[in-house]
Amino acid sequence: MSILSFENVAIELGGRQILSPTSFTVNKGEFISIIGPSGCGKTTLLRAAAGFVTPSGGAVRRRGEVVAGPSREMAFVFQDYGRALLPWRTVEGNISLALEAASVPAGQRPERIRRVLETVNLAAHARKFPAQLSGGMQQRVQIARCLAQEPEILMMDEPFGALDAMTRESLQDGLLKLVRNSDLTVLFVTHDLEEAIYLGDRVIALRANPTPAQPSLAAMIDVSIPHPRDQLSTKEHPDFLRLRRELYQFLGHH
Amino acid sequence: MPEAILKWARALAFPLAVLAALEVYARTIAINSDALAPPTQAAQAFLQAVSDGSLLAATGFTLLGAGLGLLVATVLGIALGILLGLSRHAAQTSFLSVEIFRTIPSVALIPLAMLIFGFGMNMEVSVVAFATVWPILILTQTAVRQIEPALLEVARALDLSPGARLAKIIVPAILPRLFVALRLAVAIALVVAVTVEIVANPYGMGYAIMIAQQSMEPALMLAWLLWIALVGYIVNEAALRLQHFVARRMGAMP
């Protein structure tokens, strides 16, 4: 069932075409990786889907309704976790913000905060301030805050891009597990090919500097590698290697 | 502990030496001077002013005038500063007026304030408020403009109401800088209050020092001078400590 559809979405910023008309639909529960070189408009596409940016042409529809602005049904995980958390609030305070925004009664908040913190394995750090946590933990706090608002779509903008490889892999696996256990739909922007394939049910590849002959949407590839995925065996799977080669050629390099 | 004592001894050495030199000079060379008195006589005059209640009354008046003026300026300055910081349109409309009004020396407003309010507390409060509202307004405006854009996007993504955005994001984010503005304004407020009393208002510490001068009481004049310096030091030190406290509290690290 389609939950989000892009209908000829085109975006211009400052007179420059960032995204040529692009159409695709996202099904409920699907994990979509969006990949492309710097400047290809992948973050802009995500921001348009979240309602932060109004497309200059076409429309994004969620359940048939045009997305006209941000909504609590769609949670956005920013790349820069360090800036997206309120430094003056503790971990639980930061998560509480999402509940306060949704007018959840104060009495129900502690229980819901406890639940999402357990989901991201941060229950022991509820009383700490963001500055006391590592980068990976801070990003998990941000993800927890997004989960607390109980969205149906999770938009993630290169969420693990600034983390070291070990932390990144552990967060990838945590995210996969969390998504498999829910009916969340995920749009995941990354510039890392392997990450895109490893996480995604489908990979959308964008190209920079689109022309009518070469539109933004360069490729859309289904990833049929079975779940549960594993950092070693999945990445040695013949399909993984084939997709990696295929996408690599589409993008030139990554 | 001995180090702390040593530190204070070092800091106090110079002022004490100056007082001692003044004592010797006033008692030997400048006997019968109308301008200088030995600090020991100033101390006697000080005790006299304490016991007859004039010290408390004058100090209370000046501090109340400075405090009320500062309160008015803080409320107006923060409200306008947030408005001008958030709205580019409002900032563009008002920038010329702000630039013109804030360059008027506050002392030049005393004649006008006297005509409007007559002598007394209202007149002093109005001049202090005028002098301190500009730095508070401008520092607030700058602070709002420099709020981390990611935090404002988080507020959008969570669909916070305008009131919640103000109370939960904007005000906490600018709070450390508001207290910097407040500390600067405290120093200005005290100077302006005393100036108003020296120039026009027949109350407070500024008036007391003028009367001592005009009635040829150099000992009392010196006593007031040192007392004003001490009050100024204490008030500024308290404001500085408050600023540091808030910066620590809101800067994330407990």
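This is a predicted model: local features need pLDDT of at least 70, side-chain atom pairs count only at pLDDT 80 or more; totals for chains, interfaces and linings use all residues.
**Chain B, fold**

I read along chain B and got the pattern α-α-α-α-α-α-α-α-α-α. The tally is 10 helices and zero strands, where helices (H or I, at least four residues) and strands (E, at least two) are DSSP runs numbered from the N terminus. Residues are numbered from 1 along each chain as its sequence is written, and chains are lettered from A and ligands numbered from 1 in the order in which they are written.

I looked up the radius of gyration of chain B next, taken over C-alpha atoms. It is 23 Å, well over the 18 Å that the globule rule gives for 254 residues, so chain B is more spread out than a compact globule. (The rule is 2.2 Å times the number of residues to the power 0.38.) The C-alpha trace of chain B spans about 75 × 55 × 30 Å along its principal axes.

Of the 254 residues in chain B, 36% are buried; buried is 20 or more other C-beta atoms within 10 Å of a residue's own, exposed is 12 or fewer, and partly exposed is in between, with C-beta atoms placed from the backbone.

For contacts I use C-beta atoms, placed from the backbone, within 7 Å. Among contacts in chain B between residues at least 6 apart in sequence, 73% join residues at least 24 apart.

**H3 against H8 in chain B**

Helix H3 (residues 54–86) of chain B packs on H8(B) at an angle of about 140 degrees, with the axes 9 Å apart. Axes here are lines fitted to C-alpha atoms, for helices over the stretch in contact, and angles run from 0 to 180 degrees between N-to-C directions. On H3(B) I picked out contact residues including Gly65(B), Ala66(B) and Gly69(B); on H8(B), Ala185(B), Val186(B) and Ala189(B) are among them. The residues of this contact divide into 14 nonpolar, four polar and one charged. My classes: Ala, Val, Leu, Ile, Met, Phe, Trp, Tyr, Cys and Pro are nonpolar, Asp, Glu, Lys and Arg charged, and the others, Gly among them, polar.

**Ile147(B)**

I found Ile147(B) in the loop between helix H6 (121–145) and H7 of chain B. Is Ile147(B) buried or partly exposed? Ile147(B) has 18 C-beta neighbours inside 10 Å, so it counts as partly exposed. Leaving out residues up to four places away in sequence, Ile147(B) touches Leu152(B), Ile170(B), Ala173(B) and Ile174(B).

**Where B meets A**

I have 18 residues of chain B in contact with 21 residues of chain A. Helices H7 (149–157) and H8 (162–199) of chain B each supply at least two residues of the side of chain B that touches chain A. H7(B) gives the most, six residues. That side of chain B divides into 12 nonpolar, one polar and five charged.

**Chain A**

Chain A is divided into domain 1 (2–73 + 152–251) and domain 2 (82–150), with bounds from an automatic or database domain assignment. Their C-alpha centres lie 25 Å apart. Nine residues of domain 1 are in contact with nine of domain 2. On the domain 1 side, helix H6 (residues 165–180) of chain A brings the largest share, four residues.

Nine of its nine residues are buried, so H1(A) is largely enclosed by the rest of the structure. Lys42(A) and Arg47(A) are among the buried ones. Gly51(A) follows H1(A), with a positive phi near 90 degrees.

How values were computed:
Two residues are in contact if their C-beta atoms, placed from the backbone, lie within 7 Å.
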